[in-house]
2 protein chains.
Amino acid sequence: MLKGHQSWVFESKPFIKASAAVGGPFEAQGAMPEDFDTLHADIWLGQDSFEKAEKKLLEEACQKAIDKAGMKKEDIQFFLSGDLMNQIISSSFAARTLGVPYLGVFGACSSSMEGLALASMIVDSRFAKNALAAASSHNAAAEKQFRYPTEYGAQKPPTAQWTVTGAGAAVVASEGEEGPRVVAATIGRVIDMGISDPFNMGAAMAPAAVDTIEAHFRDLNIDPSHYDLIATGDLGAVGHRIAGDLLIEHGMKIPKEIFTDCGLLIYRQEQPIFAGGSGCGCSATVTYGHFMNRMRKGELRKILVVATGALMSPMSYQQKESIPCIAHAVAIEI
Amino acid sequence: MLKGHQSWVFESKPFIKASAAVGGPFEAQGAMPEDFDTLHADIWLGQDSFEKAEKKLLEEACQKAIDKAGMKKEDIQFFLSGDLMNQIISSSFAARTLGVPYLGVFGACSSSMEGLALASMIVDSRFAKNALAAASSHNAAAEKQFRYPTEYGAQKPPTAQWTVTGAGAAVVASEGEEGPRVVAATIGRVIDMGISDPFNMGAAMAPAAVDTIEAHFRDLNIDPSHYDLIATGDLGAVGHRIAGDLLIEHGMKIPKEIFTDCGLLIYRQEQPIFAGGSGCGCSATVTYGHFMNRMRKGELRKILVVATGALMSPMSYQQKESIPCIAHAVAIEI
C-alpha cells in the first residue's frame, strides 16, 4: 500500500529467497571478495568486447541467484533489470538468454533498487509469485561509453569514482523460509542542483539521496534509529560527506556508525579508486552479496539501501545540461 | 492479479482519466492530425538540439494530459516514462521538470505499454491513486543516434521505417467517471529470430508481437473476437504482414478488419515513410490520441495495444549481434 507521498509498504513482506553477486579482478582485490559468488580474473570474461563481458556478468549473477533459490530459469515469472549501457543492452540481452517476461528499468545506478522495489510490489500485490531483480555495470564498458577509452590513459580528478565491474541479482518470492524480506520502498524524485561535472557524480547525487531519505522517514513516520544500517548507493567519499552535512542541515542526524555508502565499502582504500566505487553493479553487488550475507549471519537485522543515480548521458553533458539525479530506497529486514 | 503465465488482470479497472498526444510537422501532414492536442510546425520546437526538442514534446504531452485530467503536476504521484535516447534522457529530464517520484522504463518502442502496464498495476494494487505514463521519440534525434545524421542524406531500403516525432501521455487513476479503463496487460518475453538488419525492424519485431498476442489469449482464455481492434505498435507494412502470416501458421486467425498497426495508421501513404511509422512516440501518440478519442466517441469499445520494441543499440549492431525484440500488450475497454 501507498504510505505518505512516495513510499510503498509491502504488507506481505516478500522474501529475498536467494541473491548472488559476480565481480571482476578489481573487485577480487577489494574489501569483500568473500561476498561474491564468482570473481573473474579476466576483465573480458573470455568475450571479445567489454559490453559482452558485462552481459555475461549479469547472466551469471541471475543464474547463480536462481540456482541458490533452488529454481530453474523457467520458474522465474518476471525479470526486472537495468544497467548503464545505451539502450540497457546488458539487461535486454540477458533477458534474451533467460527467456522469461522482461521489464527493462532505467535509473542509472539507482536501477538496482528501482528493480527491487518494483519486483517487490509485483510479488506483494500478487501479480507474481516470484520475480528476479538485477543490475550490472562494467568498468571498461562504462569508461568507454561515458568518458574515454581506458587506453587513452586520461587523468582523473580525486572526485572521480571507479565504476564497479559486477552484477547482482535477487529472487523475490511470496513464499520462503527464514531470510531477508523486503518491507518498504521509497521512490525518488529527480533532483538537480546544477552540478554538471561528470567527474563529481557523488556531489551531484547527494541531494537526491537526502531527498529520498527524508521522504522515507516522513512517509513511514520512523526515524534513523529504526535501522541497523543506512547505505547510500555510490556517493563515494565526496558525496557521502555532503549527504551527511545536508541531513544535519535539515535537522536529521544519522549516527556515523550506521550511515555508510556501498561505494565506500566495496574496495580497499589503497586501491586507486579516487572517491570510491560507482555504477549499477556497486549497490547491486554490495546489497545482494555483502549485506544479504551479513543479514543471514545475524549481523544486521534492518537495513535501508538508498541507491543513487545520475541520469545524464554524454550527449546531455555535451549540450551543457546539468546532471539530474535520483535515489530509490528499499528497506530490508530479517 | 496474475493470470496464466505472464498476464495481469486489473480487477479495479483503473481509469485513463485523460491522455494527450503532441507531434511534429510530419505528423501534422499525417493521417490523424485531429487526434493530436498540439502539432509543432518547427521540428526543433524552438530548441537548439533535437534532443532538447524531444524533451519538450514529452513535457508538453505530460502537462497536457495533467491539464485535461483537471489536475496539477503536484497531484501526480508517480511518473513512468521511457524513450529511445541513450540513458533515456528525454524521460529523465522531463521528470526533472515534473518534480514527482519517477520510475524510468526501457523497452525501446514497447516502452509506451510497459509504462502503462506498470502504472495500471501500481494504481490497481493501491500503491498509488494516480500515475502518469508517457513515452516519446523524435525523428531527427533517433536518426542521429541510431543511423546517420539526416544531413548526410543516406539512402534507405523500403523495409526501413520513419521514426515518429511525438510524445503521448496518460493519467491513470483509481477514480474516474466514464472513460477508457485498463483491464489487463501481458508482459512480453525477449524473442530473437536472428535478424540483424536495423533497416528491417518490423520483420525482427513481428515474432515478439505474435508471442505476446498468443500469450495474451492463452492466459486470459479469450479469443480475438473479444476485441474491436488489435493494434501492434510499429511493425509497419513488412512486419505486420509477417505477424499476420505467423499467427495463421500458429492457428490463430485475427480478422483483417480488426488487426492493424500504429505505424500503418499514423501517416498517409503518399508520405515518404518507407514501411511505416516507428519509435516510442508511434504507439504512444496513436494510443493516447487516436484510439482514446475513438473510444470516447463510442467507435471502439475494447482494444488491445501490442507495443513492439527492438532492444538493440548501435553498439550491439556493430558487434554483429542480432536484434532481441519484445512486445507488451495492454487491453483497454470503455
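Start by selecting A:Lys55, A:Arg96, B:Asp192 and B:Glu321: these four are linked in a network of salt bridges, a salt bridge being a side-chain nitrogen of Lys or Arg within 4 Å of a carboxyl oxygen of Asp or Glu. Before you go on, note that this is a predicted model, where local features need pLDDT of at least 70, side-chain atom pairs count only at pLDDT 80 or more, and totals for chains, interfaces and linings use all residues. Residues are numbered from 1 along each chain as its sequence is written, chains are lettered from A and ligands numbered from 1 in the order in which they are written, and side-chain values use heavy atoms, with hydrogens and water left out.

Now zoom in on A:Arg96 and B:Glu321, whose side chains meet in a salt bridge at 3.1 Å, N to O. A:Arg96 sits in helix α3 (residues 89-98) of chain A and B:Glu321 in the loop between α10 and β15 of chain B, so the pair joins two chains. (Helices, H or I of at least four residues, and strands, E of at least two, are DSSP runs numbered from the N terminus.) B:Glu321 is buried, with a relative accessible area of 15%, while A:Arg96 is partly exposed at 23%. Buried means under 20% relative accessible area, exposed over 50%, and partly exposed in between (1.4 Å probe, protein chains only).

Next, pick B:Arg96 and A:Asp192: another salt bridge, with the closest N and O atoms 2.4 Å apart. The rule finds six salt bridges across the interface of chain B and chain A.

Zoom out to the whole interface. Here 60 residues of chain B are in contact (heavy atoms within 4.5 Å) with 60 residues of chain A. The area buried between them is about 4,800 Å², with carbon and sulfur atoms giving 65%; that is the accessible area (1.4 Å probe) that two parts lose on being put together, summed over both. Color B:Gln87, B:Arg96 and B:Phe127: in chain B they lose the most area to chain A, together 17% of what that side buries.

B:Arg189 is in the loop between β10 (181-186) and α6 of chain B, and B:Asp211 is in helix α6, 22 residues apart.

Last stop: helix α7 (residues 236-249) of chain B, with 14 residues. Its buried residues, among them B:Val238, B:His240 and B:Leu246, pack against α6 (201-220), β11 (229-232), β12 (259-261) and α8 (262-265) of chain B.

Methods: Expected span 1.5 Å × (residues − 1).
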